[in-house]
Amino acid sequence: MPHHVPSGRAIEHGDLVTMDFGALQGGYHADMTRTIAVGAAGAWEREIYELVAAAQAAGLAAARPDAVTKEVDAAARGVIEAAGRGDEFPHGLGHGVGLEIHEAPLMGYDKTGKLTDRVPITVEPGVYVAGRGGVRIEDTLVVRADGPELLTKTTKDLLVS
């Protein structure tokens with residue numbers, strides 16, 4: 001599920017752990033999500049992770065000035081749908097971030113609007129497999145004519161040593 005509620009269950013070897021971070025500096029927000037595998041990743045975890053990473057790359061590439069927000073969403077969502085996992089990506093691709101943590105522009109299959117040069121946004125596709133776990137990779141970036149300027153620069157490795 002995209003927004004899990006913690007339980008008393010201990011994290012175990014092989015689990016996927018999704019960590020959603022926020023930051024506030026000088027009145028401005030940032031947002032970042034990373035997913036890691038604890039100790040080892042099985043084949044299905046690696047497959048889902050690589051799929052989400054490919055979807056995020058497609059969304060990042062589509063995030064240009066004057067891009068229609070639902071088309072940016074479609075670029076990433078199409079990668080996941082082509083793999084037969086469209087139903088496991090239940091949320092929008094991203095949102096604006098600035099004075100509020102979630103603000104316009106909103107990027108989803110049913111959203112309207114366009115991106116503008118220098119607007120800060122997130123790109124955060126995810127796949128969530130019922131009863132097993134999920135992966136979301138989120139970055140905050142600034143839309144630029146020559147490609148996205150990533151503001152979140154931590155590792156995106158599935159396995160962290």
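A charge is taken to sit over a ring if NZ of Lys or CZ of Arg is within 6 Å of the ring centre and within 35 degrees of the ring normal. The model is predicted: local features need pLDDT of at least 70 and side-chain atom pairs count only at pLDDT 80 or more, while totals for chains, interfaces and linings use all residues. Residues are numbered from 1 along each chain as its sequence is written, and side-chain values use heavy atoms, with hydrogens and water left out.

**View 1. Arginine charges over aromatic rings.** The charged end of R77 lies over the ring of F89, 4.0 Å from its centre. The charged end of R132 is placed over the ring of W44, at 4.2 Å from the centre.

**View 2. Helix α2 and its bend.** Helix α2 comprises residues 69–82; helices are DSSP runs (H or I, at least four residues) and strands likewise (E, at least two), numbered from the N terminus. At A76, α2 bends by about 30°, the angle between axes fitted to the seven residues ending there and the seven starting there. Just after α2, G84 adopts a positive phi of about 80°.

**View 3. The buried residues of α2.** T69, V72, D73, A76, R77 and I80 are buried (under 20% relative accessible area, 1.4 Å probe, protein chains only). Their cover includes α1 (43–62), β4 (103–107) and β6 (126–129), where contact means heavy atoms within 4.5 Å.

View 4. Strand β3 (residues 94–96) pairs with β4 in the antiparallel sense over 3 bridges; pairing requires at least two DSSP bridges between two strands. G96 stands opposite E103 in β4, and a hairpin of 6 residues joins β3 to β4.

Technical notes. Expected span 1.5 Å × (residues − 1). Buried < 20%, exposed > 50% of the residue type's maximum accessible area, 1.4 Å probe, protein only.
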